[in-house]
Amino acid sequence: MRVISQGKIFSGGKRHHEIMCNYLPSESTWIDITVPLSQVFEQYKAFDDIVIFASGDPLFYGFAATVLRELPGVDMKVFPSFNSLQLLAHRLNLPYQDMHVVSLTGRPWNKFDEALISGESFIGCLTDRQKTPQTIWNRMQEYGYTNYEMSVGENLGNEETERVSKYEHGIDYANPNCIILQKKTSRNRPFGIPESEFHLLNGRTKMITKMPIRLLSLSMLDLHNRTSFWDVGFCTGSVSIEAKLQFPHLNITSFEVREEGRVLMEQNSKKFGVPGIEVVIGDFLEEDLTRYPTPDAVFIGGHGGRLVEMIAKIKEVMAPNTCIVFNSVSEESKKMFEDGIRAIGLRLTQVSRMALDDFNPIYIMKAE
């Protein structure tokens with residue numbers, strides 16, 4: 001109240017203005033926070049001292065972080081209150097020191113998918129009007145994550161309309177809302193999936209990267225330290241799915257020329273609980289690769305005899321520190337890979353030779 005009584009320039013959302021208008025000094029000026037935010041900050045520059053209203057803790061996915069980004073070096077003092085996920089934990093009497101927090105407010109699914117695949121036991125999630133409790137619940141069911149209980153908090157902090165309840169299918173929850181997920185049982189997360197467990201292309205086991213080869217290839221890719229992984233020629237999706245299971249932080253883009261690959265990736269992703277893999281069907285050499293996240297790790301699983309051209313096309317878009325791994329089943333393809341990486345200025349840094357059962361030996365080759 002002291003800060004408000006001494007202020008002259010105030011700012012916040014329209015809802016904040018409705019709440020605070022009777023507390024503001026006479027002859028004060030209000031700046032609405034609306035998009036585009038660039039215009040809001042342009043107005044801020046005309047004043048030395050501004051009082052901004054925001055909900056809860058403005059340093060928790062809030063406007064204070066935006067102020068720090070847009071006005072570096074600004075002198076700012078924050079008067080925080082509880083954020084919505086804290087309030088929901090309070091209403092549920094849940095100790096929340098171990099809560100894994102995810103925001104889906106205007107954001108993609110990737111951090112939420114990462115939390116699910118990692119098996120986080122206690123997930124707090126901020127929602128929006130598209131990623132609602134129902135769409136979140138449906139996504140979890142689609143990929144087999146039936147091992148969580150969801151609680152929903154609506155209009156938290158509003159004495160008249162606040163409501164806290166266990167999730168019920170078909171309910172149209174009021175906005176704003178947030179959710180807490182509590183894991184009741186653990187879901188199996190295998191390390192090394194036997195090829196017999198995958199849905200296969202026409203039932204052909206020869207069309208899938210065998211588990212030991214797959215795991216060695218992934219280890220060569222150094223995926224702990226990568227962010228964007230491309231799987232070129234994914235066929236059944238085994239490499240992409242194994243990579244996402246073991247390294248759920250990865251942004252994975254998977255390419256396949258055959259339309260059947262789309263169905264196989266969907267079936268296998270749902271079977272093993274791996275949402276979030278972006279599937280691209282079509283001729284890799286005809287694709288506009290600038291549309292996809294820049295890769296810093298690439299696995300080439302199929303090339304149709306055009307390996308050298310593929311490598312040259314990858315070179316056009318890859319990050320400077322990208323590594324490429326290729327499994328060669330013949331001396332011919334081994335030479336193609338060597339020729340291809342030499343042409344773009346990479347060098348072989350690791351080669352392993354592995355023979356499984358009655359299959360011909362395979363060379364696992366890494367270029368950097």
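1. Contact here means heavy atoms within 4.5 Å. By that rule, and leaving aside its neighbours within four places in sequence, Phe112 is in contact with Val102, Leu104, Cys125, Ile136, Met140 and Leu181. The model is a predicted one, in which local features need pLDDT of at least 70, side-chain atom pairs count only at pLDDT 80 or more, and totals for chains, interfaces and linings use all residues. Residues are numbered from 1 along each chain as its sequence is written, and side-chain values use heavy atoms, with hydrogens and water left out.

2. The nonpolar cores come next. A nonpolar core is a set of buried Ala, Val, Leu, Ile, Met, Phe, Trp, Tyr and Cys residues joined through side-chain atoms within 4.5 Å. Buried means under 20% relative accessible area, exposed over 50%, and partly exposed in between (1.4 Å probe, protein chains only). The largest core has 51 residues, and Phe112 and Phe229 are those with the most contacts inside it. A second, separate core of 26 residues includes Trp230, Met310, Met318 and Met336. In soluble globular proteins, nonpolar side chains tend to be buried together.

3. Phe112 also belongs to helix H6 (residues 110–118), whose buried residues are Phe112, Asp113, Ala115, Leu116 and Ile117. Helices (H or I, at least four residues) and strands (E, at least two) are DSSP runs, numbered from the N terminus. What do the buried residues of H6 pack against? Their partners are strand E4 (100–103), strand E5 (122–126), helix H7 (133–142), strand E6 (148–154), E8 and helix H9 (238–246). Gly119 follows H6 and has a positive phi, near 75°.

4. Aromatic rings: rings of Phe, Tyr and Trp (its six-membered ring) pair if their centres lie within 6.5 Å; planes under 30 degrees apart count as stacked, over 60 as edge-to-face and the rest as tilted. The count by this rule is 14 aromatic pairs. One of them joins Trp109 and Phe112, a tilted pair at 5.9 Å centre to centre with 55° between the planes. Trp109 and Phe112 are both buried. The ring centres of Phe198 and Phe272 are 5.0 Å apart with planes at 50°, so this pair is tilted. Phe198 lies in the loop between E8 and H8 and Phe272 in helix H10 (residues 260–272), so the pair ties together parts that are 74 residues apart in sequence. Phe198 and Phe272 are both buried. Elsewhere, ring pairs link Trp230, Phe255, Phe284 and Tyr292 into a cluster.

5. Two charges over rings can be checked. A charge sits over a ring if NZ of Lys or CZ of Arg is within 6 Å of the ring centre and within 35 degrees of the ring normal. The charged end of Arg187 sits over the ring of Tyr145, 4.8 Å from its centre. For Lys334, the ring is that of Tyr363, with the charged end 5.3 Å from its centre.

6. Salt bridges number 19 in the structure. A salt bridge is a side-chain nitrogen of Lys or Arg within 4 Å of a carboxyl oxygen of Asp or Glu. Lys166 and Glu149 form one of these (2.9 Å, N to O). This pair links distant parts of the chain, Lys166 being in strand E7 and Glu149 in strand E6, 17 residues apart. Lys166 is partly exposed at 40% relative accessibility, and Glu149 is partly exposed at 28%.

7. Asp283 and Arg306 also meet in a salt bridge (3.0 Å, N to O). Asp283 is in the loop between strand E11 (278–281) and strand E12 (297–300), while Arg306 is in the loop between E12 and helix H11 (307–315), 23 residues apart. In the bridge between Arg291 and Glu287, the closest N and O atoms are 3.7 Å apart. Is Arg291 buried or exposed? At 57% relative accessibility, Arg291 counts as exposed, whereas Glu287 counts as buried at 15%. Glu142, Glu266 and Lys270 are linked in a network of salt bridges.

8. Some backbone features deserve a look. A cis peptide bond joins Val35 and Pro36, with omega about 0°; Pro36 is in the loop between strand E2 (29–32) and helix H3 (37–44). The peptide bond from Asn175 to Pro176 is also cis, with omega near 0°. Tyr61, not a glycine, has a positive phi of about 50° and is partly exposed, with a relative accessible area of 44%.
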